[in-house]
Amino acid sequence: MNLLKKELKFERLSFFYWTAGLALTVFLSMMAYPIMKDTGQDFTVFLEAMPKILLVLFGMNGLSISNALEFHGIIYFYVVLGGILYAVTLGNRLASKEELLKTGEFLLVKPLKRSSILLYKALAGIFLLSLFVLLLHGTTLLSFTIYANEEISHLVLLKESFTLWLLMLLYFALGFFFAASLKEEKKSTGLSMGITLSTFTLGLFYDLWDSPAFLRPWTPFRYFPVKELLEETSLPLLYILLLFLLLGALLFAAFHFFQKRDLRM
């Protein structure tokens with residue numbers, strides 16, 4: 001338990017910066033909604049004239065500003081990207097912190113198994129990501145209350161927050177796996193960030209190529225497209241199962257390889 005508290009204390013500043021940054025992004029963007037809505041038809045015509053590649057790059061593909069939920073869907077595109085980048089760097093940092101700070105020997109002489117050490121680190125990460133999503137969801141509700149003077153579906157906002165949490169857990173596990181398995185922190189960071197950005201790029205191609213089914217399983221960024229969250233009442237069970245399968249495999253592999261590898265002191 002002391003190790004859990006230590007990890008949470010160590011991560012508090014990073015958590016604050018990421019949470020405050022994305023919460024402000026949501027709040028300030030929603031502040032612009034009444035103005036954008038007043039432009040109405042003019043802005044819609046402008047969007048229709050934009051090349052599809054630009055709509056995809058800016059998260060506007062298939063969305064409009066006709067209502068607050070669709071406008072927020074555009075913001076959600078950036079929130080997902082930011083949240084996932086935070087999650088993967090958090091996973092990397094938690095699993096490799098002792099080696100980076102040269103405190104591994106001090107930690108391992110304590111009466112804790114390696115598996116227990118890694119478990120506390122994983123629990124710290126899950127707690128931080130859960131709190132992150134809760135605070136972001138609260139900020140979103142507040143911004144809708146202030147700036148969206150219309151009837152909204154709270155179910156859509158709950159689905160967005162829940163799927164954001166799932167995606168952040170998956171990419172946290174990705175960073176956690178590479179940092180727990182590889183000796184060199186730079187290599188683990190490079191691989192996890194490389195895979196993250198590659199799957200994000202695949203997501204852009206998925207939108208650009210009119211959503212080919214064969215590409216979707218390879219890009220978790222499109223397991224829960226905003227358009228589906230807005231239009232469907234339920235979440236795609238197949239992709240939730242696939243996500244949990246990948247999540248379980250990454251965490252299992254992280255614990256397995258962390259037990260066997262030599263730690264740099």
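Predicted model: local features only at pLDDT ≥ 70, side-chain atom pairs only at ≥ 80, totals over all residues.
Biologist: What percentage of the residues in the protein is buried?
Modeller: The chain counted here has 265 residues, and a residue is taken as buried when its relative accessible area is under 20%. On that cut-off, the buried share of the protein is 47%.

Biologist: How do helix α2 and helix α8 pack, roughly parallel or roughly antiparallel?
Modeller: Helix α2, residues 12-31, and helix α8, residues 114-147, have axes 9 Å apart and pack at an angle of about 20°. Their crossing is right-handed. Because angles under 35 degrees count as roughly parallel, the relation of α2 to α8 is roughly parallel.

Biologist: How many residues in the contact of α2 with α8 are nonpolar?
Modeller: On the α2 side, the contact residues include Phe15, Trp18, Leu22 and Met30, while those of α8 include Leu128, Phe132, Thr139 and Tyr147. Sorted by class, the residues of this contact comprise no charged ones and four polar ones, and the number of nonpolar ones is 17.

Biologist: Among contacts between residues at least 6 apart in sequence, what percentage joins residues at least 24 apart?
Modeller: A contact requires heavy atoms within 4.5 Å. Among contacts in the protein between residues at least 6 apart in sequence, the share joining residues at least 24 apart is 76%.

Technical notes
Residues numbered from 1 in each chain as written. Heavy atoms only, no water. Buried < 20%, exposed > 50% of the residue type's maximum accessible area, 1.4 Å probe, protein only. Axes fitted to C-alpha atoms, helices over the stretch in contact; angles between N-to-C directions. Helix = DSSP H or I, 4+ residues; strand = E, 2+ residues; numbered from the N terminus. Parallel < 35°, antiparallel > 145°, perpendicular 65-115°, else oblique. Left-handed = near helix turned anticlockwise from the far one by under 90°. Nonpolar A, V, L, I, M, F, W, Y, C, P; charged D, E, K, R; others polar.
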